[in-house]
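Subject: Structure handover

Hello,

Here is the structure for your files. My notes on it follow below.

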Amino acid sequence: EVALRAKNMTLLEAKYLLKSNLEDVNSMERLSNYLLELNRSESMESGLEMEKINLGEVVKNTLESIDSNIKKNNVEVIKNITPVWVVGEKGAVKEIASILIDNAIKYSGKEKKIEVSVVKGGKLIVKDYGIGIAKEDIPNIFDRFYRVEASRSKEKVDGYGLGLSIAKSLADKMGAKIRVQSKIGKGSSFNVRFPLA
């Protein structure tokens, strides 16, 4: 509104303003999508439509779909993906993998390296070598809107504290167990064990 009232705005100033507004719109869109996904995952009566799926294949597809984000952040992804058959809902499994990989990219720190593994036992493991999570914060990281500001204060990272809450909700619906191990300054490892087919 201020910009519209300005009589002498230059083209450069207008472009800067439009770019800033677009970033805000994209940020609000991400928040809306997170809230819709969280509501969807929590409103399911008895769970998801479970089927036999190849966890390795779903994770590979997830990495392909977020490849532009990986390249944009200049992160090296070390893959150790084997075909493992589990019981789950493909869309929900992809959402969990996407959230965990996105988090690892955000918090990868100076190392700019993450590991994504699918191993025997129906496990998806996503590991980063970034700033880590303080021991006292770990019990709360799956709560909605919880962000670990104290232990990650040196890193300015966009987010709303909803991703892990969605991942946990979807995992619970599928009977999967999600756990985290982390040390400050050493990084974090998220481990999701899905029911075997």
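I105 is found in helix α5 (helices, H or I, are DSSP runs of at least four residues, strands, E, of at least two, numbered from the N terminus). This is a predicted model: local features need pLDDT of at least 70, side-chain atom pairs count only at pLDDT 80 or more, and totals for chains, interfaces and linings use all residues. Residues are numbered from 1 along each chain as its sequence is written, and side-chain values use heavy atoms, with hydrogens and water left out.

I105 has 3% relative accessibility, so it counts as buried (under 20% relative accessible area; exposed is over 50%, partly exposed in between; 1.4 Å probe, protein chains only). Leaving aside residues up to four places away in sequence, I105 touches N69, I70, N73, V75 and I114 (contact means heavy atoms within 4.5 Å). V75 is 30 residues from I105 in sequence, yet their C-alpha atoms are 6.8 Å apart.

The largest nonpolar core has 41 residues (buried Ala, Val, Leu, Ile, Met, Phe, Trp, Tyr and Cys joined through side-chain atoms within 4.5 Å). V59, I96, L100, L124 and F194 have the most contacts inside it. α5 gives the most to this core, with 9 residues. V59 touches I81, A97, V116, V118 and L124, again not counting residues up to four places away in sequence.

α3 and α5 pack at about 55°, axes 9 Å apart (axes are lines fitted to C-alpha atoms, for helices over the stretch in contact; angles run from 0 to 180 degrees between N-to-C directions). Residues making this contact include V59 of α3 and A97 of α5.

Best wishes
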